[in-house]
Amino acid sequence: MSGINIGDVIEVVVTGIQKYGAFVLINDKYDGLIHISEISAGYVKNINDYIKIGDKIFAQVVDIDEESNKFKLSIKNIDYRNDGRVLNDDDNYSNGFEPLKEHLDLWINDKIKEIMDKM
């Protein structure tokens, strides 16, 4: 299918976001899905924290359905924002506790709001 193979890193445009994943357009021709489990190696609460509709990003091809011309994609092991290079394990974990620090206040505030809404 147009020379795209499993394992290739390709440029895509995000066209839609649902709780379970992000829809993308490939070469203005093919549809693809980045399932929420393929967004990050860690827990993903909200896909919009990673990508937005209209973003041009890189994604790695995980599977191709030849009958429907649909692609299953992943961004969790690549530098999806910059150049699409495959990250090694050190790149994935070099931030240490930084992601926790960045999100902790948001998580606490969300939980407080959730509790307050139930009162």
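**Reading contacts, strands and surface**

Q: Which residues does Gly84 touch, not counting residues up to four places away in sequence?
A: Contact means that heavy atoms lie within 4.5 Å. Leaving out residues up to four places away in sequence, Gly84 touches Val9, Phe58, Ile78 and Asp79. This is a predicted model, in which local features need pLDDT of at least 70 and side-chain atom pairs count only at pLDDT 80 or more, while totals for chains, interfaces and linings use all residues. Residues are numbered from 1 along each chain as its sequence is written, and side-chain values use heavy atoms, with hydrogens and water left out.

Q: Is Gly84 buried or exposed, and where is Gly84 found?
A: A residue is called buried under 20% relative accessible area, exposed over 50%, and partly exposed in between, using a 1.4 Å probe and protein chains only. Gly84 is buried, with a relative accessible area of 4%, although Gly84 belongs to a loop, the one between S5 and helix H1 (89-93). Its C-alpha atom is separated by 6.9 Å from that of Ala59, a residue 25 places apart from Gly84 along the chain.

Q: How many helices and strands does the protein chain have?
A: Helices (H or I, at least four residues) and strands (E, at least two) are DSSP runs, numbered from the N terminus. The protein chain has two helices and five strands, and from the N terminus on, these elements follow the order β-β-β-β-β-α-α.

Q: Which way do S1 and S4 run, and how many bridges join them?
A: Two strands pair if DSSP finds at least two bridges between them. Strand S1 (residues 9-18) and strand S4 (residues 56-65) run antiparallel and are joined by five bridges, with Val13 standing opposite Lys56 in S4. S1 also pairs with strand S2 (residues 21-26), in the antiparallel sense and over six bridges, where Val12 has Ile26 as its bridge partner. S1 and S2 form a hairpin that has two residues between its strands.

Q: How many residues lie between S4 and S5 in their hairpin?
A: There are four residues between S4 and S5, and Asn69 in the turn has a positive phi of about 55°. The two strands pair in the antiparallel sense over five bridges, and Gln60 has Ser74 in S5 as its bridge partner.

Q: What surrounds Ser74, and which residues does Ser74 touch?
A: Ser74 lies in strand S5 (residues 70-74) and is buried, with a relative accessible area of 5%. Not counting residues up to four places away in sequence, Ser74 touches Ile34, Glu38, Ala59, Gln60 and Val62. A polar contact is a pair of N or O atoms within 3.5 Å; within protein, one must be able to donate a hydrogen and the other to accept it, and residues adjacent in sequence count only if both atoms are side-chain atoms. The side chains of Ser74 and Glu38 make such a contact, at 2.6 Å.

Q: How exposed is Leu100, and where is Leu100 found?
A: Leu100 is found in helix H2 (residues 98-118) and counts as partly exposed, at 40% relative accessibility.

Q: How much of the protein chain is buried, and what are the spans of its C-alpha trace?
A: Of the 119 residues of the protein chain, 27% count as buried. Along its principal axes the C-alpha trace spans about 55 × 35 × 20 Å. Among contacts between residues at least 6 apart in sequence, 55% join residues at least 24 apart.
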